[in-house]
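Subject: Structure handover

Hello,

Here is the structure we spoke about. Please open it and read the notes below alongside it.

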Amino acid sequence: MAHATVDAPSSPGPGRTGTGGNPWLVLLAVSLGVIMVMLDGTVVGIANPVIQKDLGASLSDLQWVTSGYLLALAVFLITAGKLGDLFGHKRVFLIGVVGFALTSVGIGLSAELAEVVPGVTPVGALIGLRVLQGLFGALLQPAALALLRGAFPGERLHQAMGAWGAIIGLSSAAGPIIGGLLVEKVSWESVFFINAPVGIIALLMGLFLIKEHRVQTMARIDWGGVVLLSGAMFALVWSIIKAPEWGWGDSRTVGFLAGFAVLIAAFIFWQSKAKQPLVPLSLFRNASISIGTLLMMMVTFAMFGAMFFLGFFFQGVHGLSPLDAGMRMLPMSAGMIVASPLAGMLLGRLGPKITMTAGLLITSVSMFLMSQLTIDASFLETSIPFVLLAFGLSPVFVGATEIIVGNAPLELSGVAGGLQQSAMQVGGALGTAILGAVMAGEISGKLPGYLGPAAQEIPPAQMTLLEKAAAFGGLPEGTPEQIRQLVGPAVNSAFMDGMHLAFLVSTAVALLTAGLALFVRSGRKSEGAPAHMG
């Protein structure tokens with residue numbers, strides 16, 4: 001693959017201008033762009049019930065509001081990273097900022113757009129714009145990591161990643177609170193309109209604080225690789241999304257998984273022959289990059305898969321409002337604000353092996369404690385495992401990101417950033433789907449026992465409805481009080497058993513993953529040295 005020589009950040013070489021300026025201001029500028037993506041990811045779940053009532057959306061529509069965004073994001077991340085490597089990360093980042101902000105405003109105006117565009121319904125406009133929003137979000141995230149990679153020298157990259165994690169933790173903590181307030185006090189549209197001022201500030205800061213960073217003189221896109229990888233990622237993520245509905249043994253699920261296997265094999269073959277491949281296979285000869293990617297996938301499998309059920313636990317079993325549920329999650333998000341910079345410091349002093357292994361062991365303890373939560377768990381009882389989880393996950397997220405991006409050659413920093421984000425998306429989707437299936441199976445097995453003799457008198461169709469209600473944390477609103485008193489306790493108890501098993505599986509995954517962390521090494525310390533790809 002032809003590209004320009006990589007120079008130290010202080011001495012830009014041909015084909016590259018360093019990010020320049022104060023690297024911490026670069027960090028602030030790119031963080032504002034990514035904060036939009038983080039806020040959007042946390043507030044949409046809170047806004048969905050109101051969107052359903054306001055636009056008359058069906059459950060399938062709401063699933064597409066989330067799935068359409070996830071698909072676009074997951075499919076396009078690595079390609080977006082490559083675009084930054086070829087045409088400049090600043091340029092790609094700013095396009096992502098503008099596009100994400102504009103599509104956010106468009107989502108808030110879905111009803112108005114449907115009135116002026118023939119044949120388009122408000123829900124259709126909303127879903128279409130969410131897909132576009134996912135594409136622009138994919139442009140933002142790899143470019144942001146690549147810009148940090150260029151702004152901070154190798155020996156300080158862990159500090160940048162620690163601060164990056166703190167900013168992400170802050171936006172995660174603020175998301176449910178801001179979203180809950182806006183939905184309850186203003187409107188669901190306002191949770192999307194808020195991206196407009198954030199986007200304007202990010203655009204202005206990016207224009208004046210970031211200098212272009214491009215390390216390749218060639219600008220050829222491997223379109224064959226783009227098509228094959230996009231098709232493979234779509235088949236994988238779509239099968240994961242639909243498997244809970246279709247069943248893992250269904251022919252459609254198996255067909256999409258088989259399609260993924262064929263396409264990814266074709267992609268690997270194509271990359272071995274292409275003159276300028278989309279993802280050079282030599283990248284994975286570095287064991288740390290391969291293990292770091294697997295670490296990121298497995299830890300997000302455990303985290304997102306298990307944490308997905310806590311919203312149903314707080315709002316369904318406890319009956320908390322979205323805002324109160326967000327406040328219950330605050331100790332974890334707030335803990336990450338403190339834990340992420342600390343993780344960056346420890347990674348610099350102790351290295352990734354000790355720091356990440358310790359983090360995964362703490363994560364397993366936290367997951368085990370959450371497997372012991374009771375129906376009436378107090379704020380303190382949930383806060384302790386949440387704080388532990390923050391201090392367990394932060395070293396893994398910061399360390400795995402530094403390992404993937406820091407070990408990659410500078411000219412592939414965008415691809416490495418896309419790889420890191422893709423691992424997060426795929427791991428989270430796998431965790432949600434697989435642990436959801438584990439939880440559903442446990443509920444199906446335990447619910448009849450909690451119902452007692454009455455279970456024999458319930459028709460199979462109604463029992464299936466009760467099992468689905470249990471999987472979502474309790475009976476739906478509008479259930480007659482007599483029925484709620486009769487079967488409500490059994491439904492809640494079955495949900496708790498399912499959630500406990502999901503957290504126990506996550507505990508085991510965290511423990512297994514801790515062993516992998518012993519085989520990684522830090523990112524390169526000298527930017528001028530050739531990348532070690534052996």
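**Helix H5 against helix H15**

The axes of helix H5 (residues 122-151) and helix H15 (residues 413-451) come within 8 Å and cross at roughly 130 degrees. Axes here are lines fitted to C-alpha atoms, for helices over the stretch in contact, and angles run from 0 to 180 degrees between N-to-C directions. Helices (H or I, at least four residues) and strands (E, at least two) are DSSP runs, numbered from the N terminus. H5 and H15 are therefore oblique to each other. Angles under 35 degrees count as roughly parallel, over 145 as roughly antiparallel, 65 to 115 as roughly perpendicular and the rest as oblique. The crossing of H5 and H15 is right-handed. A crossing is left-handed if the near helix is turned anticlockwise from the far one by less than a right angle, and right-handed if clockwise.

H5 brings Gln141, Pro142, Leu145, Ala146 and Arg149 to the contact, and H15 brings Ser413, Gly414, Gly417, Gly418, Gln420 and Gln421. Contact means heavy atoms within 4.5 Å. By class, the contact of H5 with H15 has three nonpolar, seven polar and one charged residues. Ala, Val, Leu, Ile, Met, Phe, Trp, Tyr, Cys and Pro count as nonpolar, Asp, Glu, Lys and Arg as charged, and the others, Gly among them, as polar.

**Basis**

This is a predicted model: local features need pLDDT of at least 70, side-chain atom pairs count only at pLDDT 80 or more, and totals for chains, interfaces and linings use all residues. Residues are numbered from 1 along each chain as its sequence is written, and side-chain values use heavy atoms, with hydrogens and water left out.

**Overall**

The protein has 17 helices and zero strands. Of its 534 residues, 55% count as buried. Buried means under 20% relative accessible area, exposed over 50%, partly exposed in between (1.4 Å probe, protein chains only). Among contacts between residues at least 6 apart in sequence, 82% join residues at least 24 apart.

**Helix H14 and its two partners**

Helix H13 (residues 352-370) packs with helix H14 (residues 379-407) at an angle of about 145 degrees, their axes 8 Å apart. H13 passes H14 in a left-handed crossing. The residues of this contact divide into 19 nonpolar, six polar and no charged.

H14 and H15 also pack at about 145 degrees, with axes 8 Å apart. Their crossing is right-handed. Phe397, Thr401, Ile404 and Val405 in H14 meet Ala416, Gly417, Leu419, Gln420 and Met424 in H15. By class, that contact has six nonpolar, three polar and no charged residues.

**Helix H10**

The 23 residues of helix H10 (residues 251-273) should span 33 Å at 1.5 Å a residue; the end C-alpha atoms are 33 Å apart, which agrees. The expected span is 1.5 Å times one less than the number of residues. Buried in H10 are Thr253, Phe267 and Gln271. They pack against helix H9 (223-246).

Leu263 is found in H10. It counts as partly exposed, at 27% relative accessibility. Beyond its neighbours within four places in sequence, Leu263 is in contact with Leu228, Gly231 and Ala232. Gly259 also lies in H10. Gly259 is partly exposed, with a relative accessible area of 23%. Gly259 and Ala232 are 27 residues apart in sequence and 7.1 Å apart in space, C-alpha to C-alpha.

**Helix H3**

H3 is mostly covered: 15 of its 20 residues are buried.

Best wishes
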